[in-house]
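Reader: Hey, can you walk me through this one? I'd like to start with the overall layout and then get to the details.

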Amino acid sequence: MITGKTGLVGIMGDPVEHSLSPPMHNAAFHQLKLDYVYVPFHVKRGNLASAIEGARTMGIKGLNLTIPHKIEVINYLDELDEAAELIGAVNTVKFTENKAVGYNTDGFGAVKAIEETTSVQDKKIIIIGAGGAARAISFQLLLSRVGEVLIANRTREKACNLRDDLKERFNTSLGCLGLDDELGIELEDTDVLINTTPVGMHPHQDDKPVVTSDMMHSDLVVNDIVYNPLETGLLREAGKVGATTVHGTKMLIYQGIGAFRIWTGINPPVEVFETALMRELG
Ligand code: ATR
C-alpha cells in the first residue's frame, strides 16, 4: 500500500511507456517488503532540467535515465561516480538530503551478465559496435581489469575514436577494426564477444548476424545485448559451434540490480528481476 512514507523512484525518458524497469523494480520491492514504488515519467527532450529540479524538491529518492537523457542529465547533478565519469553518461541518480549523485550501471550490467559464466579478468574481449552501449561496456570492462579489448565497428573510424578515448585512461591492450577479415583472425584467440549493435533486433531478426559460426569457436562466450527476440541470430550461430551464450536480458536485469542497490543498499534476488522481466516479454 502507498502511504505518506513510501519512497518514490522512477525512470525519465522519451519514450518511456515500454520501459521494462517498473515491473522489475516493483516486483523486487514487493518481494523484499520495501516501502518503495517505481514509476515511469515521460520527460521530453528540453524538459530535463526542470524535471530533475522537480525531483529534488519533491524528495524523489532515485531515478533511472534513458533515451534521450543519459548525457544531458550530468549538467544537473552534483557528483558522478567513477564509471559515470569515465563513460560520460548516467543511467542512475541517487538523491540525498543535499546532493544528487550520478552513476552508470549499464556497463556493470553487461559485465555481471558475462561473469555469470566466466570471469572477465585478463580475458581478450571483442565488442561489436561503437555507440553509447559499447562505450559503457568497454569502460566497465577496463575497470574490471580485462586483458585486451578490441572495438569492431561497421564504421572503423568510430571504433578507433572510442579506442582513443579508452587509451587516454587505461594502459590495457586496446585496438580498433572494421567488420572485415581481420575480425575473423582476431576472433580465433578471443574469449568473449559482445554485440552492442541493433543487428538482429525485432523486426529485423532475420538479418545476417554481425558474426557467423564459421568465425567462432567452442570456448567463446557470446553475449548479444539485443533481448527481443531472446534467441538472436548471433546466439543461434554461437550455439552451432557449442559456444557459451549470454542473453541480452541479463544486462537489463543486472543494470537494474545495480540501480536498486544504489538506492536501497540492498542486493535484490536476481530471480525476482528475471521472473518479472520474462513475464513482460511473454
Ligand atoms: P547505442 O547508443 O544504443 O549503442 P548507437 O549509438 O546508435 O546505439 O550505436 C549503434 C551502433 O551499431 C553503431 O556502432 C553502428 O555502427 P556505425 O557506427 O557504423 O553506424 C552499429 N550499427 C547499427 N546498425 C548496424 C548494421 N546494420 N550493421 C552493423 N553495425 C550497425
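Author: The C-alpha centres of domain 1 and domain 2 are 26 Å apart. Keep in mind that this is a predicted model, where local features need pLDDT of at least 70 and side-chain atom pairs count only at pLDDT 80 or more, while totals for chains, interfaces and linings use all residues. Residues are numbered from 1 along each chain as its sequence is written.

Reader: OK, which residues belong to domain 1 and which to domain 2?

Author: Domain 1 is 7-104 + 250-281, and domain 2 is 108-246. Those bounds come from an automatic or database domain assignment.

Reader: And how many residues does the contact take from each?

Author: It takes 12 residues from domain 1 and 16 residues from domain 2. Two residues are in contact if their C-beta atoms, placed from the backbone, lie within 7 Å.

Reader: What supplies the domain 1 side?

Author: Helix 3 (82-87) and helix 9 (248-264) each supply at least two residues there. Helix 9 has the largest share of that side, six residues. Helices here are DSSP runs (H or I, at least four residues), strands likewise (E, at least two), and they are numbered from the N terminus.

Reader: Switching topic: where does UniProt put the active site?

Author: The unreviewed UniProt entry places the feature "active site" at K70. UniProt positions are given in the numbering used here, feature names are shortened, and annotations may be inferred rather than shown by experiment. K70 is in the loop between strand 3 (62-65) and strand 4 (79-80).

Reader: Is K70 buried or exposed?

Author: K70 is buried, because 23 other C-beta atoms lie within 10 Å. The cut-offs are 20 or more other C-beta atoms within 10 Å of its own for buried, 12 or fewer for exposed, and partly exposed in between, with C-beta atoms placed from the backbone.

Reader: What is K70 in contact with?

Author: Leaving aside neighbours within four places in sequence, K70 is in contact with L65, A89, V90, N91 and G132.

Reader: Now the ligand. Which residues come nearest?

Author: Of the 15 residues around the ligand, G131, G132, R154, T155 and T197 come nearest. A residue is near a molecule or strand if its C-beta atom, placed from the backbone, lies within 6 Å of it. Helix 5 (residues 132-143) gives the most to that shell, with three residues.

Reader: Last one: how much of the chain counts as buried?

Author: Of the 282 residues of the chain, 45% count as buried.
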